[in-house]
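These are my notebook entries on a structure I looked through.

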Amino acid sequence: MLSRTLRAATARPFLVRGNASLSSAPPAAGTPAPPPPPASTTTTATTTTTATPPSAKAAKAPEEGDKAEGGRRKRKVWTPRKRPAISALAPREWNRPLAPGVVPAYDYALKYIQRDAAAVAAEAAELEKRVEEKEGEYQVLLKEGGEGVKEGLEKVDAELEGMREKLHVLRVQAEVNLPEVRWKVKNALAERGREAHRHLLEHRWRKDGDLDLLMERIYQMKVVPDLLPVLKPTVDLRVAVPATTPDQFRALAAQGRAGANVLTVEPGVFLDPKNTLSPPMLYADAFHADTRLYTLLMVDPDVPDPERAGYKTYLHWMCPNVELSAARAGRLTGLNGHTAYVPPHPQRGTPYHRYTVLLLPQPPVRGERYSRNLEARAVREGGVSSRRLDIPVVGEGERAGFDVRKFVEEWGLGVEGGAHMFREVWGAATSKVYEEVLKQPEPVFGRPRKEDRYADIRGRKKYVL
Amino acid sequence: MSFLRPASSSSKAAFRNTTAIRHYAGKPDTSLGDPKRENLRRALYPSNIRNRPTPVGTWRPDVARALQRAIPSVQAHETIERAWLLHKRHVRKQREAELSRKFEKMREAMDELYKLDSQLYLQANRADDPRAKSAQEMEMAKKLKVSEVRTMDARIPGLFPRELKVPTDTPSRTGWNYDYKPFQRPL
């Protein structure tokens, strides 16, 4: 009984300390903050890391103690687990999750990983020196110019590409196994300048379900064959809109964000036209170190075309030459300078409209494809590694019937970049859009009238005796 | 002696629960007759109730608890896992590198031999028939019984020996064979 009450008394606090330092000021360089003391088996559950989602391991141990308290079964009300407030604005230092000697396998594993990381880092540094020398050679050859030099230049360029690819792999491998690095990336303390951190962020986006969900929705809603033949996203594009309906506020509260009024849009969900009266907030995370230019497009492929008894595409928003890079991750601004944003206006009587946001990459400044050489040289010299496109502003009359495939082919935009998609159905706000923004009478669609085949014989006598 | 039922039971009979089992609506007994249908149903619609380990061992319900007792930190577990996989990777890469180095040397040697002497090259390249009997073996076979000749044929030269056994937890039922004589096939 005593052990049970003790366990209840030392039950996990709502915010678990895990292994982060408690103070925000980082300790002196040579003295890492001490790890939590070696705990007994009852309280070892508290030393799990803060960043992992509630796993069966961490959550099971204290629950047993809570439930059986006093013989009464407390009905557990699920509250979303609150993440500790660690971020770039409130940084913490990484500590070992277990003190030395608690689990010898962990101590040895840590030493092994650190030794391997040091060896790979040394190899990477050596290769980097060779890459620098080779790059110097390349620059010299470039300055010479002339016909005979061209072949030699291509050969050196190809060698450099191979070396840089290997250097990238070494740089990632040097840090990717270190628990400190992995913890930092997991706790929003990733340094986007470091290749290993960028690699882990991209890996998380690709493998932990976000990209899968996006592609599932894109294929299910047939965005891919309808708008473009292929889409292979390389940029994590997220869309957020202000919440307006009671359901949306309820969903936010269920997520644990009761006071918030910004809704992150899951790809494929239904939004209310009121949500998109103002341009949605776009957050793009690119994983390349150099600055590249992308073209933003927002299209609706489901605008009815009664003349052709089909549907046509309407261009809601366009902005070419949007700069993206790993360092510049976050909210995109200044997007309304080209083809102004027209809010989505799904017409009454039509089935749901799919509103697709695309961030397509513009062709590279030199060559046909982006390469590591281009990336490295752009980073070193500064400037942008994409060609700046002078796309003319699309007039109001040309928005309807916009051909995305033709546009992409004409300007040489790639199949990569970012994509997102949501759906909408007529709402009261649509009338508002027609009245104030489009300044047109609002159309109402429906099925065409059925021809009455019996209009002639109706009323006439059928049987003659 | 009264064979009357006690009063309590008769009163119970009056208040017996009468929610009957509808036998006409029950599931048919699938243990009799052809199990094909039942097997098909089980294959197409597997149960998703997590009350026992998966058949091939991809999920076991007791592992999480045991792991939590052994290594109370998820991060520590992942670190140990990564270190182990890293070690295995190093060993694997080393083995593969050594093997490919040997293969390359062999390839170079054969190329040289081809340039030097084509006859020797052909002989070096010839594949041995593992079932062929050499002259020495033919001599031996004349003296052996038919069953022993068959035993000799079954032992392919260069293959692992028949005596190589996986160690078991318990000894065999027939016990230890003290009269065993090893059979050698001449190379």
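What percentage of the 465 residues of chain A count as buried? I found 42%, where buried means under 20% relative accessible area, exposed over 50% and partly exposed in between (1.4 Å probe, protein chains only). I noted that this is a predicted model, in which local features need pLDDT of at least 70 and side-chain atom pairs count only at pLDDT 80 or more, while totals for chains, interfaces and linings use all residues. Residues are numbered from 1 along each chain as its sequence is written, chains are lettered from A and ligands numbered from 1 in the order in which they are written, and side-chain values use heavy atoms, with hydrogens and water left out.

**Entry: chain A overall.** I counted 12 helices and 9 strands in chain A; these are DSSP runs, with at least four residues (H or I) for a helix and at least two (E) for a strand, numbered from the N terminus.

**Entry: the cores.** I looked up the nonpolar cores, which are sets of buried Ala, Val, Leu, Ile, Met, Phe, Trp, Tyr and Cys residues joined through side-chain atoms within 4.5 Å. The largest has 52 residues, and Ile218(A), Leu231(A), Leu297(A), Leu360(A) and Phe402(A) touch the most other members. Helix H3 (residues 104-144) of chain A gives the largest share of this core, 6 residues. A second, separate core has 26 residues, among them Val239(A) and Leu271(A). In general, nonpolar side chains tend to be buried together in soluble globular proteins.

I then checked Leu231(A) for contacts (heavy atoms within 4.5 Å). Leaving aside neighbours within four places in sequence, Leu231(A) is in contact with residues including Ile218(A), Leu358(A), Leu360(A) and Ala419(A).

**Entry: strand E9.** Why is strand E9 (residues 418-424) of chain A largely enclosed by the rest of the structure? I found that 7 of its 7 residues are buried, so the strand is largely enclosed. Gly418(A), His420(A), Phe422(A) and Glu424(A) point one way from E9(A), and Ala419(A), Met421(A) and Arg423(A) point the other way. In a regular strand the side chains alternate between the two faces of the sheet.

I looked for partners of E9(A); two strands pair if DSSP finds at least two bridges between them. Strand E8 (residues 353-361) of chain A runs antiparallel to E9(A), with 7 bridges, and Leu358(A) stands opposite Ala419(A). Strand E3 (residues 270-271) of chain A runs parallel to E9(A), with 2 bridges, and Leu271(A) stands opposite Glu424(A).
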